[in-house]
Amino acid sequence: MLSYQHAYHAGNFADVHKHLVLFAVVDHLLRKESSVTYIDTHAGRGRYPLDAEETARLGEYHDGAERLWKTRERLAEDPLLRDWLEGLAAAQSQRNPKALDHYPGSPWWLAQRLREQDALRLFELHPGEHDHLSRQQLPDRVRHVHGDGLSGLIDALPVATPRLCVLVDPSYERKAEYGDVADTLLKAMRKARHGVMLVWYPLLPAGRHETLLEGLKAGGLRKIWRSELRVASPQRERGMYGSGMLVINPPWGLDRRLEDAMARLMPLLGDDSHYRGDWWVPE
Ligand code: SAM
């Protein structure tokens, strides 16, 4: 029974972190001409109007995307933030291009940078969320599948293009999902050794993400880079206190670009904010 709806959280600090890492990875992939297949296993709706009832109710974007938007001129001194903010600007309605009225989800960030030679496959299991997704104005080449993204990923491999980039961004409604994601990634990496795979996880006081991290290490995967953003202390926070992202086979130079961008973001995210990027499992 799926009840999570990303619209309640769209544009929060975790989305900003996740989509900045995704954006930086795609940036590196676009430096070469050879084609890329992108697979987004948990797509969500695509693009979120910030005045929708769900999104306005919690207003989490006020502490995330909106803070960047308000200081975008200053943040643009960093090249990654400048380009990301241009992407965010392109997702706004044309009625008032100066206002932040939408937040783009992962399908949109990926579709925005899709070239003729690339492919994008989106999976979404929730019927209502898939319905929203199928109404998005995405390029015709984008395929969206109403179904399970984890088994869908395995079935889709190997892909026809020389390069592959996968985003796994579950809602972790079930505890078992942390283990399921690790098992799926281990299988996927056996079928696509050179794929760049990104997986997002929440930092929660219960520490369930350890199951995912330890599972990947125990499975023998190498070259796993970890990016974690904390905005509160785990002791004081009952809910999500941070956002984590693993990148398997990260492009060279990704760590430096993100560190520079995050150093600029930290002051916007509060006194308790802290960023670390390190190898969870080195080469
Ligand atoms: N990736 C999106 C983004 O960055 O904008 C957000 C995705 S949201 C965190 C997780 C989504 O996964 C929800 O829309 C949920 O309905 C969907 N979902 C849950 N289980 C799934 C599964 N097994 N396969 C595909 N989608 C699933």
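## How α8 packs on α9

In this predicted model, the axes of α8 (149-156) and helix α9 (residues 177-191) come within 10 Å and cross at roughly 5 degrees. Axes here are lines fitted to C-alpha atoms over the stretch in contact, with angles running from 0 to 180 degrees between N-to-C directions. That makes α8 roughly parallel to α9 (the label covers angles under 35 degrees).

On the α8 side, Leu150, Leu153 and Ile154 make the contact, and α9 brings Asp180, Thr184, Lys187 and Ala188; contact asks for C-beta atoms, placed from the backbone, within 7 Å. By class, that's four nonpolar, one polar and two charged residues.

## Strand β6 and its neighbours

Strand β6 (residues 163-168) is largely enclosed by the rest of the structure, because five of its six residues are buried (20 or more other C-beta atoms within 10 Å of a residue's own). It runs parallel to strand β1 (residues 36-40), joined by five bridges, and Ile39 has Val166 of β6 as its bridge partner.

β6 also pairs in the parallel sense with strand β7 (residues 196-203), over four bridges; pairing takes at least two DSSP bridges. Here Cys165 stands opposite Val196 of β7.

## Around the ligand

The ligand has 21 residues around it, with His42, Gly44, Gly105, Ser106 and His126 coming nearest (C-beta, placed from the backbone, within 6 Å). The shell has seven nonpolar, nine polar and five charged residues, with Gly counted as polar. β4 (119-124) and α8 each supply at least two of the shell residues.

## Reading the numbers

Numbering starts from 1 along each chain as its sequence is written. As the model is predicted, local features need pLDDT of at least 70 and side-chain atom pairs count only at pLDDT 80 or more, while totals for chains, interfaces and linings use all residues.

Methods:
Angles under 35 degrees count as roughly parallel, over 145 as roughly antiparallel, 65 to 115 as roughly perpendicular and the rest as oblique. Two residues are in contact if their C-beta atoms, placed from the backbone, lie within 7 Å. A residue is buried if 20 or more other C-beta atoms lie within 10 Å of its own, exposed if 12 or fewer, and partly exposed in between; C-beta atoms are placed from the backbone.
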